[in-house]
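Please open the structure in your viewer and keep the selection tool at hand. We will go from stop to stop, selecting a few residues each time.

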Amino acid sequence: MLEINNLQATVADKPILKGLSLTINAGEIHAIMGPNGAGKSTLGYTLGGRPGYEVTGGSATFNGQDLFELAPHERAAAGLFLGFQYPVEIPGVSFVQFLRESANAQRKSRGEAPLSGGEFLKLAREKAGLLRMDMDMLKRPVNVGFSGGEKKRAEMVQMGILDPKLAILDETDSGLDIDALRVCGEGINAIMRKSDKAVLLITHYQRLLDYVKPDFVHVLAAGRIVKSGGADLALRLEEEGYEAVVQETAA
Amino acid sequence: MNVEMTLPSRKDEDFRYSDIEALRSVWPIVTEEIEVAPDAEGTLEIVETGAGAVARHVAITLGKGAKFDLRVLTAGPAYGRIAVDVKLGENADFTLGAAQLATGSETLEVVTEVTHAGLNATSAQIIRTVLAGASVGTYLGRIAVERGADGTDAEQSVRAMLLERTATANARPELEIYADDVKAAHGCAVGELDAQGLFYLMSRGLTPPQAKRLMLQAFIAEAFTGAPGEEALSEAALARLEAIL
């Protein structure tokens, strides 16, 4: 589904990703872990197409398409979803209006008929319920006045409504209390654990992986993947720390 | 009726940023006088969406305890000038919500003079300007609080959004206060659309014009919140917004 080959990217002319390669197939859940400053968030933003994140080498192919040839909204329409570590507040724009227009913009670009108001609300209510979010919150301005946990749950509701093929979730677990973590984890499973979908979880900690069991765990350090393994690698990292595991690889 | 006969020049502070040639075509401006009796309420909508030059001058006098709600939408004229003078008596209340949308080489301006002449009067002005191309958008707003007009509460919120670096926004809020117990808050900002917000919206599938339109719609809506004709005003603004994006 996603094939990243020798990706190099800079932020403000500073090289952050230095030859990252990763292949994600349909039906797989991958986790990328790594210390602060390793380039985890940069990977998410670069794949999402955020301005200021410049690709200087390598490639990323998403279902046969050159991802870097596509503008951010075209990547979304192609089935990519980026879950933000810090979801942005947009005063005056309601979630319902924003998400309905987004869903219909994606459908339009795929040649599908738009959702009617009623169809959309039914879908939104179902996904909000999945994340145990009050539908009234979606009538409020986008993320304005939401707590950290509510913002992350709202990200998952958006994912449910937009129904992507690949979700890149940047530290969805940060800022969540124990219950919200479980709700989000279960939401990710319900929405994305399917044979035709895939997930890339970007995280510091093992705790989200208790709920969303990854098929592959990768360690990102200094802009490259330095070690890959199964779900047990995350447990080892938690126990021994990044430094020990990364050094063992270098030796 | 007071009609100024001589065409002003840009040396005149109130016409500092005007398109004088366009102004000539609609000169002289006849002042529209509105008087609101004590404890009465009035509303007015000024909607200018035609392409021709337009200049209006409205003078409103509010009696004791009178209320007035004025909404302005200038979206379309090559030159659009809306000048408003308001005189508030004791306990009077004045609300102005104005939105200006321009593109190309259009020049739009809102010029206000709000005079608090009695005790405890309140006034609130919200001005939202969206400028594309090489357009010019101006707000000149003077608040005068006369001697003895204690308890005055006067607010100005002025924001302009530049869609292109070639557009120009002028904002000049002015306070002239001769009373002691006065609240006068004014905020003024000229900026561009928040890039982070735009990326967030586009990452969900909105095209760049859709994302901008959604953010600007919310920005303009602030000028029409609570207006009797809120919905129609917002729709008229949206139509122009879609044309200039």
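Begin this tour of a predicted model by selecting helix α4 of chain B, where B:L233, B:S234, B:A236, B:A237, B:R240, B:L241 and B:I244 are buried. These residues cover an arc of only 160 degrees around the axis, so they lie on the same side of α4(B). Now turn to the face of α4(B) that points away from this buried side, and you will find the exposed residues B:E231, B:E235 and B:A243 there.

If you check the length of α4(B), its 15 residues (230-244) should span 21 Å at 1.5 Å a residue, and because the end C-alpha atoms are 21 Å apart, the two values agree.

Next, select B:A237 again together with A:V199, A:L201, B:L62 and B:L201, which are the residues with the most contacts inside the largest nonpolar core, a set of 135 residues. Apart from this core lies another one, of 6 residues, which includes B:A22, B:L23, B:A53 and B:A55.

For the last stop, move to chain A and select A:T10, which is located in strand β1 (residues 2-11). Is A:T10 buried or partly exposed? A:T10 has 18 other C-beta atoms within 10 Å and is therefore partly exposed, since a buried residue needs 20 or more. Leaving out residues up to four places away in sequence, A:T10 touches A:P15, A:I16, A:E54 and A:T56.

Definitions and conventions
Residues are numbered from 1 along each chain as its sequence is written. Chains are lettered from A and ligands numbered from 1 in the order in which they are written. This is a predicted model: local features need pLDDT of at least 70, side-chain atom pairs count only at pLDDT 80 or more; totals for chains, interfaces and linings use all residues. A nonpolar core is a set of buried Ala, Val, Leu, Ile, Met, Phe, Trp, Tyr and Cys residues joined through C-beta atoms within 7 Å. A residue is buried if 20 or more other C-beta atoms lie within 10 Å of its own, exposed if 12 or fewer, and partly exposed in between; C-beta atoms are placed from the backbone. Helices (H or I, at least four residues) and strands (E, at least two) are DSSP runs, numbered from the N terminus. Two residues are in contact if their C-beta atoms, placed from the backbone, lie within 7 Å. The expected span of a helix is 1.5 Å times one less than its number of residues. The arc is that of the directions from the helix axis to the C-beta atoms.
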